[in-house]
Amino acid sequence: MTRAPIAVALDAPDLETAARWAALVTPHVSTVKVGLELYLRYGPDVIASVRGASGVRVFLDLKLHDIPNTVVAATRAVARLKPAILTVHASGGPAMIQGAVEALPGSQVAAVTVLTSLSAGDLAAIGIEGPPADAVRRLAVMAVGAGAQALVCSPQEVAAVRAEVGPGVTLITPGVRPEGAATQDQARVATPERALADGADLLVIGRPITGAPDPGAAAAAIAAALRRTASEG
Ligand SMILES: O=C(O)c1cc(=O)[nH]c(=O)n1[C@@H]1O[C@H](COP(=O)(O)O)[C@@H](O)[C@H]1O
């Protein structure tokens, strides 16, 4: 059975927990994601620990955001880890994005458009007026123009982004919550089924899976729901 297009966010306080979650979910999902919490605590070795014997794809979510020279050097520093995906913030601009893409051949650089935790009110507070979808679309077009092969947006904007950038770009959506699940600190959310139907290629899901009593069973249940959606569509 093919693994579901899900990246499980291994946002764990310690390496043992992250490796355990990775082993439990790997039979059901295509990808696991290492973020700032684990990487800053354990460094590059964390990648081998979560990759384990299964060789699952590892998504390195460092959300780099700095001047181009610094981001290029940081990207080169992680290139030997061969992540399937590395995130940078789209708002770092085209030269920064292009530099990261050139520094990481063989991996996808994913540009994060507008964090899924931000509401329209939060955006207004940092001087970005209007619906989040407008900013997401603007940043998406700029990032693809700069060479990004993948974009991160919320499932609420994924259909609009797909219409803007076409079929060749990988669209990654965090902010995914199964029906009835708590949104926690996420502001722009939708269900896994909706995200997939609207054109997402990879769903990032953390706490709804890792916070479940049995993360393996939670991943399997979401994967089964997605297979039903795909066969209906
Ligand atoms: O780049 C990301 O993965 C990301 C971008 C974004 O806009 N929002 C977002 O939540 N994420 C990450 O996706 C994961 C979501 O986790 P849960 O909210 O627990 O499902 C976290 O690891 C976040 O760091």
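What follows is a set of questions and answers on this model.

Me: What kind of model is this, and how are its residues numbered?
Reply: This is a predicted model, in which local features need pLDDT of at least 70 and side-chain atom pairs count only at pLDDT 80 or more, while totals for chains, interfaces and linings use all residues. Residues are numbered from 1 along each chain as its sequence is written.

Me: How many helices and strands does the protein chain have?
Reply: Helices (H or I, at least four residues) and strands (E, at least two) are DSSP runs, numbered from the N terminus. On this basis the protein chain comes to 11 helices and 8 strands.

Me: What radius of gyration does the protein chain have?
Reply: The radius of gyration is taken over C-alpha atoms, and the globule rule is 2.2 Å times the number of residues to the power 0.38. For 233 residues, a compact globule would come near 17 Å, and the protein chain agrees, with 17 Å.

Me: What percentage of the residues in the protein chain are buried?
Reply: A residue is buried if 20 or more other C-beta atoms lie within 10 Å of its own, exposed if 12 or fewer, and partly exposed in between, with C-beta atoms placed from the backbone. Of the 233 residues in the protein chain, the buried ones make up 46%.

Me: Which residues come nearest to the ligand?
Reply: A residue counts as near a molecule or strand if its C-beta atom, placed from the backbone, lies within 6 Å of it. There are 18 residues around the ligand, and those that come nearest are Ala9, Thr116, Pro174, Gly206 and Arg207.

Me: How many residues of the shell around the ligand are charged?
Reply: Ala, Val, Leu, Ile, Met, Phe, Trp, Tyr, Cys and Pro count as nonpolar, Asp, Glu, Lys and Arg as charged, and the others, Gly among them, as polar. The shell holds 7 nonpolar and 7 polar residues, and its charged residues number 4.

Me: What distance does H11 reach from its first C-alpha to its last?
Reply: The expected span of a helix is 1.5 Å times one less than its number of residues. H11 has 18 residues, for which 26 Å is expected, and its reach is close to that, at 26 Å.

Me: Which exposed residues lie on the face of H4 turned away from its buried side?
Reply: The buried residues of H4 are Val71, Val72 and Thr75. Seen down the axis of H4, these fall within an arc of 100°, so they line one face of the helix. They are covered by elements that include E3, E4 and H5. The opposite face carries the exposed residues Asn69, Ala73 and Ala77.

Me: Which elements are included in what covers the buried residues of H5?
Reply: The buried residues of helix H5 are Met96, Ile97, Gly99, Ala100 and Val101. Their cover includes E3, helix H4, strand E4, strand E5 and helix H7.

Me: Is Lys63 buried or partly exposed?
Reply: Lys63 lies in strand E3, and its phi is near 40°, a positive value in a residue other than glycine. Most residues other than glycine have a negative phi. Because Lys63 has 16 other C-beta atoms within 10 Å, it counts as partly exposed.

Me: Where is Gln184, and is it buried or exposed?
Reply: Gln184 has a phi near 55°, again positive in a residue other than glycine. Its place is in the loop between strand E7 and helix H9. Because 12 other C-beta atoms lie within 10 Å, Gln184 is exposed.

Me: Is Ala150 buried or exposed?
Reply: Ala150 is found in strand E6. Among the residues that it touches are Ile85, Val109 and Ile172. Because Ala150 has 23 C-beta neighbours inside 10 Å, it counts as buried.

Key
Contact = placed C-beta atoms within 7 Å. Arc of directions from axis to C-beta. Lists of a residue's contacts leave out its neighbours within four places in sequence.
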